[in-house]
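Thank you all for coming. Please have a look at the structure on the screen, and I will then walk through a few places in it, one after another.

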Amino acid sequence: MIIRGLAAIALALPVLITATPAPADAARRDTCAPSQPGRLTLSEPWAQRRLGFTSVWPLTRGSGVTVAVVDSGVDAKHPQLKVAQSVDLTGTGTQDCLGHGTSVAGIIAGTERKGSPFAGVAPDARLISIKHTNAERGDPALLARAIAKAADLGAQVINVSVRASDRMDLRRAVGYALSKDAVIVAAAGNVTKEDGTPSPAYPAAYPGVLAVGSSTPDDGLAEFSNISTPVGVLAPGQDLTSTWPGGTYQNDLKGTSQATAYVSGVVALVRARYPQLDNVRVRRRVELTADGTKGKGSGAGIINPRLAVTTILPSEVVAVAPQQPASLTEAAITKADPPDDHVIGVASAVAGGALGAAALAIALAVVVPLGRRRRWRPGGGIGTSESP
């Protein structure tokens with residue numbers, strides 16, 4: 001049991017992409033056997049309780065948002081996973097021989113199932129699987145191709161739970177996906193004492209990418225979470241439950257890979273709730289609504305799904321406010337009564353008469369007293385006069 005537990009933890013760590021392709025990929029096609037799964041826990045997973053993302057489902061469940069899982073494949077036959085499309089770039093088939101991609105997909109968009117306390121963050125999101133590796137190490141060129149492919153397929157959220165070194169083709173793929181308005185969520189990477197001096201993980205360390213570190217059940221920063229990567233936010237990253245190949249589950253998952261999946265799920269909720277926001281504003285919203293930094297390597301702190309979905313940010317009021325219906329103004333114009341020429345004529349005559357009478361009164365008030373002072377008075381009858 002100890003050996004199996006260690007194997008499960010190792011497979012849950014971010015896939016380390018090296019500069020050397022894995023020659024064993026083709027050989028593994030006939031021996032596709034992920035580590036043995038565990039039993040599904042009968043209680044709600046702690047990460048699910050901690051984040052409380054089910055409370056925002058009346059507002060958004062991620063419907064209409066496409067999330068790409070760039071990973072080791074996804075078990076499309078799992079009862080809690082609905083995979084809309086699977087793409088294999090390895091030539092080994094779309095099956096998940098590691099379990100890594102299936103666990104990530106479950107956290108992002110696992111659907112509800114009777115008798116299962118587990119569910120993904122955005123169960124109505126549209127999942128697509130882009131398989132770029134069939135082993136624990138893979139070809140970084142395929143990783144770059146997978147990210148670009150996800151963008152071409154219209155992914156609005158791209159989950160990259162792997163770490164690699166900085167490469168020109170990877171940098172270009174990230175830039176391409178960002179230019180197509182995708183939010184790229186990537187793992188900050190895991191480090192151990194044996195790793196020596198940690199180095200930034202890519203694509204997480206690229207500008208514009210939402211880098212994710214791991215938190216513990218007591219809201220601390222996991223000791224393995226890579227603080228050399230410029231982390232944006234944290235999410236639960238140890239003692240996790242998720243889906244596993246063969247229609248099963250794994251309960252002892254650990255790593256920034258799974259933490260990244262939680263953030264991708266929240267991003268899907270936000271994008272579904274605020275389709276007007278571009279990728280920059282979506283990433284900014286997730287960071288601004290997090291629970292607060294916990295020091296180096298924690299970014300803005302642990303993600304807060306409820307605040308990410310419901311907070312009104314002053315800088316976004318114009319961007320997310322409902323548009324004024326054009327018909328409202330048009331109706332005010334078209335429904336106005338046409339001018340009545342008869343009424344206008346009568347009103348003009350009355351106004352003109354009033355002005356004339358006023359002018360006459362003024363003239364009389366001035367001229368008559370003047371005439372009297374000059375011995376002039378209004379004529380009486382014919383032949384009447386006044387003696388000098």
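I would like to begin with Gln-156, which sits in the loop between helix 4 and strand 6, the strand of residues 157-160. Please keep in mind that what we are looking at is a predicted model. Is Gln-156 buried, exposed or something in between? With a relative accessible area of 26%, Gln-156 counts as partly exposed, because that value falls between the 20% below which a residue is called buried and the 50% above which it is called exposed. Leaving aside residues up to four places away in sequence, Gln-156 touches Gly-64, Val-65, Thr-66, Asp-181, Ala-182, Val-183 and Arg-271, and its side chain reaches the backbone nitrogen of Thr-66 at 2.8 Å.

The buried residues of helix 4 include Leu-142, Leu-143 and Ile-147.

Now to the sheet, which is open and has 7 strands, in the order 3-4-2-6-8-9-10, with parallel pairing. Which strands stand at the edges? They are strand 3 (83-88) and strand 10 (233-236), each of which has a single partner strand, so one side of each is left without a neighbour in the sheet. From one strand to the next, the twist averages 25°. Helix 7, residues 279-288, packs on this sheet and touches strand 8, strand 9 and strand 10, and its direction makes about 25° with that of strand 9.

Finally, the salt bridges, of which a search of the whole structure finds 8. In one of them, Arg-50 pairs with Asp-291, with the closest N and O atoms 3.0 Å apart. Because Arg-50 lies in helix 2 and Asp-291 in the loop between helix 7 and helix 8, the pair ties together parts that are 241 residues apart in sequence. Another salt bridge joins Arg-285 and Glu-316, whose closest N and O atoms are 2.6 Å apart, and both of these residues are buried. Salt bridges with shared partners also join Arg-50, Asp-219 and Asp-291 into one network.

Terms used: Residues are numbered from 1 along each chain as its sequence is written. This is a predicted model: local features need pLDDT of at least 70, side-chain atom pairs count only at pLDDT 80 or more; totals for chains, interfaces and linings use all residues. Side-chain values use heavy atoms; hydrogens and water are left out. Buried means under 20% relative accessible area, exposed over 50%, partly exposed in between (1.4 Å probe, protein chains only). Helices (H or I, at least four residues) and strands (E, at least two) are DSSP runs, numbered from the N terminus. Contact means heavy atoms within 4.5 Å. A polar contact is a pair of N or O atoms within 3.5 Å; within protein, one must be able to donate a hydrogen and the other to accept it, and residues adjacent in sequence count only if both atoms are side-chain atoms. Two strands pair if DSSP finds at least two bridges between them. Axes are lines fitted to C-alpha atoms, for helices over the stretch in contact, and angles run from 0 to 180 degrees between N-to-C directions. A salt bridge is a side-chain nitrogen of Lys or Arg within 4 Å of a carboxyl oxygen of Asp or Glu.
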